[in-house]
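Please look through the sequence and the model shown here.

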Amino acid sequence: MTMSSGDIHMKIVHGDGGYILQDIPHFSDYIPSLPTYPNPLRSNPAYSVVKQYFVDVDDTVPQKVVVHKDGPRGVHFRRAGPRQKVYFKSDDVHACIVTCGGLCPGLNTVIREIVCSLSYMYGVNKVLGIDGGYRGFYSKNTITLTPKVVNDIHKRGGTILGTSRGGHDTAKIVDSIQDRGINQVIIIGGDGTQRGASVIYEEIRRRGLKVAIAGIPKTIDNDIPVIDRSFGFDTAVEEAQRAINAAHVEAESAENGIGVVKLMGRYSGFIAMYATLASRDVDCCLIPESPFYLEGKGGLLEFIEKRLKENGHMVLVIAEGAGQDLLTESTQHMNQKDASGNKLLQDVGLWISHRIKDHFGRKNNMVINLKYIDPTYMIRAIPSIASDNVYCTLLAQSAVHGTMAGYTGFTVGLVNGRQTYIPFNRITERQNQVVITDRMWARLLSSTNQPSFMNPRDAKVAKKTEPSTQLLDGNTPKYEPKSENHTDNHIATKS
């Protein structure tokens, strides 16, 4: 195999048959002659019966799930898990955990499992929680975390550490890490948070510090690329069912009843799409990736009228980022952003409800009863369900195994059902979006029996610019990435 240099977040290893390993940084890349120690798990009775528990140095996970017999082996990532040797003595570890950005089901589960994994697996006794996001490193108190302190936190929503947007000052954060003697940092947050983590890693490396930086990607919208799904997503879809069911009951119980449900999804419509597919009570689903229009032949209002005449009621699900181009916004409002750099959106659910009411208000022969439900903050504030709890456990353990083994500058995630270590830049390079020329969106259209609401010209452009499937590596839709100055947490490095 040959290795090529390049981005400091990623080491590219080339092998036979088109094999490419996008590897992650390690202490040995910039700190020479570091001692290693036997992994404490060797003497842990819980793991003494496990065959081949330690991950082999050559174990990798392919990004592609569909390949052709004559095609290249493609891109791989390093498999996550415990190694035979570690780069920290248990008594020397001083770890910290920080949560940034918006809330998401499962945050407390991740925190709990990081603490318990460090303690029960590796005998680590010093773990700090950073209070209130990135700015907590230099402006707030820390919380001492022990297995006893975190024992029941997974049963609660939110994060016991508190969270915030913005507040990223690289120099101050790294100074704080040095002053406190912290040598493992696990950062939980979205794409902007992970981008901030990569900048912290760069500064740590520039100073030559033996400090491991690991990220755990968090977004309820499931819009982080490469990984199979984000933790909390299954919980969000499950909770969305309650709102859809309520809308269906309301709509079905009234003459010409219409239930409108707005779900989360600023740039990506995954929650709306999966909740619709799971529900079977939805007549129409609108997402940011699929344009629609209201008036005229083939428009949304015509479809609503047709469905009401057929069934006497209907349910409409709309993602918060859908149809924003149709809303009448002032230039000032359009340019406003929150502390994470996200564009401030108008309430598309309220807007579309008013437009539907206005449309049928002009029709004297057709009275409607419309109910609008917005469960946004209910969905993200609840504890995670069983499947997400298991996923959170695996993510936390993988992060701990990686930092103990001397890896740094990486994020963890599930790729094709296997836990992997992924370079930061692959996680932050773009946002994952629903491909409206893919099979999954076609399945939704078949399930709801709704039109695509795209005119032929738009459909032709979409088919030409978007891939035929999301399963093949490198065939994901292109989009204009968010500015570096408008990330989940502003990055303000000092010179």
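## Buried residues in loops

Asn44 sits in the loop that links strand 4 and strand 5 (60–62). Helices (H or I, at least four residues) and strands (E, at least two) are DSSP runs, numbered from the N terminus. The model is predicted: local features need pLDDT of at least 70, side-chain atom pairs count only at pLDDT 80 or more, and totals for chains, interfaces and linings use all residues. Residues are numbered from 1 along each chain as its sequence is written, and side-chain values use heavy atoms, with hydrogens and water left out.

Is Asn44 buried or exposed? Its relative accessible area is 13%, so Asn44 is buried. Buried means under 20% relative accessible area, exposed over 50%, and partly exposed in between (1.4 Å probe, protein chains only). Not counting residues up to four places away in sequence, Asn44 touches Tyr120 and Met121. Contact means heavy atoms within 4.5 Å.

| Residue | Loop | Relative accessibility |
|---|---|---|
| His26 | between strand 3 (19–23) and strand 4 (37–38) | 8% |
| Ile436 | between helix 12 (424–428) and helix 13 | 12% |

The side chain of His26 reaches the backbone oxygen of Ala405 at 2.9 Å. Leaving aside neighbours within four places in sequence, His26 is in contact with Lys11, Tyr87, Ala405, Gly406, Tyr407 and Thr408.

## Helix 13

Which residues of helix 13 (residues 439–448) are buried? They are Trp441, Leu444, Leu445 and Thr448. Seen down the axis of helix 13, these buried residues fall within an arc of 100 degrees, so they line one face of the helix. The arc is that of the directions from the helix axis to the C-beta atoms. An α-helix has 3.6 residues a turn, so residues three or four places apart point the same way. Arg439 and Ser446 are exposed on the other side of helix 13. The buried residues pack against helix 6 (270–279), strand 14 (284–286) and helix 7 (300–311). After helix 13 comes Asn449, with a positive phi near 60 degrees.

Two strands pair if DSSP finds at least two bridges between them.

Strand 14 and strand 15 (residues 313–319) are joined in the parallel sense over 3 bridges. The bridge partner of Cys285 is Val317, in strand 15.

## Nonpolar cores

A nonpolar core is a set of buried Ala, Val, Leu, Ile, Met, Phe, Trp, Tyr and Cys residues joined through side-chain atoms within 4.5 Å. The largest core has 100 residues, of which Ile114, Ile213, Ile216 and Phe231 touch the most other members. Helix 1 (residues 107–122) gives the most to this core, with 9 residues. A second, separate core of 25 residues includes Ile258, Val260, Leu294 and Ile356.

Conventions: A polar contact is a pair of N or O atoms within 3.5 Å; within protein, one must be able to donate a hydrogen and the other to accept it, and residues adjacent in sequence count only if both atoms are side-chain atoms.
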